[in-house]
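This report describes a protein chain whose sequence and three-dimensional model are shown below.

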Amino acid sequence: MTDTRRRVPRTDALLADPRLADAARRLGRTLVRRAVAEAQHRVRNGGLAPEEAADAAVAALPRSATSLRPVVNATGVVVHTNLGRAPLSAAATEALRTASGPTDVEFDLGDGRRARRGRGALAALAEAVPHAEAVHLVNNNAAALVLAATALAGGREIVISRGELVEIGDGFRLPELLESTGARLVEVGTTNRTHFEDYARAVGPGTGLVLKVHPSNFLTTGFVSSVPVARLATLGVPLVHDIGSGLLRPHPALPDEPDAATSLDQGAGLVTASADKLLGGPQAGLLLGRRDLVERLRTHPLARALRVDKLTLAALEATVLGPQPPVARALAAREAELAARAGTLAAGLAERGVAAEAVPSEARVGGGGAPGVTLPSAAVALPAALAVPLRTGDPAVVGRVHGDRLLLDLRTVPEEDDATMLAAVLAAAAPPPEEA
Ligand SMILES: *Cc1c(COP(=O)(O)O)cnc(C)c1O
């Protein structure tokens, strides 16, 4: 026991290893010490020779100072909430780096005075949605709804259809979110059918706003009806439309998904949406619409608690102005091209002894958008036993398990990641070095 202890390399000796010293400058001492402590622990337990401790600590170092790990999304779910929703475009990622240091987010470099915070991002959005007289940004769509409810209906009533009292995920329910602001909900209609007269009867002097919510994560079919925006806009009170997924304009592949331009054109006073779903940007909440309503929200004290940071502003501006973000590219990808990529990948794997086959697949929008829509796709089918080594590899590759097969769906994988994925599958399929 004493003998083994004495043989455990000292912390300062290990930290003096040039590789670990360099890592300490790059990642910070906490993470390097953690890797060192783990290696020492293995030596103490007899699982590692003392002279191997430094190498083991180097091997255990994280790639970066965040515990978040990069993932190749091969699930076929375009906007995957558990994988961080929309991946950013290269332009948006570059914008994050630009904005990470001191930046003129709230400063006019021309005259040296304070300037409107995030004016570039706001202008880009306003330009993209000309129907909006004004725009404002908050932390996410839930924050946009809270701000609208507080500023326009605090202590008053929100009229909403019973068919639109939705749960948005992870147990969060829109009605509870709205009531938390002190507004009272006046539910109208039934689960399956709500008529204009239901709203008209409920609207009165106590009404702060009428809220229309896009049922973005479920479908109702059969004996159903709801009231279009154009009718609700005639009720004489502010109409707030939560369109959910953040399409700014109609999307040809998603005809049933509402978009901001159309909703405003039809008379919505305010549109709220997420920026990290179909818009393909960073997490943020969009508020677009009538100038007077946006001003009431923007100047409300709560607005300060919900404001977005400079990184979000930078990434959002680059998403709106820049090249197609990955979400848009995934939606637009042609089935034949996906099939060709799956064929190339499967052949490359089969050549190296991995049981792989190109198969047709069905991708989904996911993430609270276009429920029920399937997008024809192509996948590489592998033995299901590869799911765990791929998921725990570096980078992690997450697919879908179907019976005894793991499907890697290519619609959600940017083409430039094919080589990375091929290498990851080969690594996952290779026998561990001890047995090789
Ligand atoms: C996703 C969604 C929300 C919640 O948006 P967050 O940006 O996650 O806060 C609210 N309403 C609808 C209709 C949604 O689809």
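## Helix packing

Helix H17 passes helix H19 in a right-handed crossing; a crossing is called right-handed if the near helix is turned clockwise from the far one by less than a right angle, and left-handed if anticlockwise. On the H17 side, the contact is made by Arg341, Leu345, Gly348 and Leu349, and on the H19 side by Asp418, Met421, Leu422, Val425 and Leu426. Contact here means heavy atoms within 4.5 Å. H17 spans residues 335-351 and H19 residues 418-429; their axes come within 11 Å and cross at roughly 30°. Axes are lines fitted to C-alpha atoms, for helices over the stretch in contact, with angles running from 0 to 180 degrees between N-to-C directions. Helices (H or I, at least four residues) and strands (E, at least two) are DSSP runs numbered from the N terminus.

A second pair is formed by H6 (residues 90-99) and H15 (residues 310-321), whose axes come within 8 Å and cross at roughly 145°. This crossing of H6 and H15 is right-handed. H6 contributes Ala91, Ala92, Ala95, Leu96 and Ala99 to the contact, while H15 contributes Lys310, Leu311, Ala314, Ala315, Ala318 and Thr319.

## Basis of the model

The model is predicted: local features need pLDDT of at least 70, side-chain atom pairs count only at pLDDT 80 or more, and totals for chains, interfaces and linings use all residues. Residues are numbered from 1 along each chain as its sequence is written, and side-chain values use heavy atoms, with hydrogens and water left out.

## The whole protein

The protein contains 19 helices and 17 strands, and its C-alpha atoms fill a box of roughly 85 × 55 × 45 Å along the principal axes. Of its 436 residues, 47% are buried. Buried means under 20% relative accessible area, exposed over 50%, and partly exposed in between (1.4 Å probe, protein chains only). Among contacts with a separation of 6 or more, 72% are accounted for by residues 24 or more positions apart.

Ser274 lies in strand E11 (residues 270-274) and counts as buried because its relative accessibility is 4%. Apart from neighbours within four places in sequence, Ser274 is in contact with Arg85, Asn141, Gly244, Ser245, Gly246, Leu279 and Ala284.

Gly267 is placed in the loop between helix H12 (260-265) and E11. With a relative accessible area of 34%, Gly267 is partly exposed. Residues up to four places away in sequence aside, Gly267 touches Val229 and Ala233.

## Backbone exceptions

Most residues other than glycine have a negative phi, and most peptide bonds are trans. Asp170, although not a glycine, has a positive phi of about 55°. Asp170 lies in the loop between strands E6 (167-169) and E7 (172-173) and counts as exposed, at 76% relative accessibility.

Ala370, likewise not a glycine, has a positive phi of about 45°. The loop between strands E13 (357-364) and E14 (374-383) holds Ala370, which is buried, with a relative accessible area of 6%. A cis peptide bond, with omega about 0°, joins Asp394 and Pro395. Pro395 lies in the loop between helix H18 (387-391) and strand E15 (396-398).
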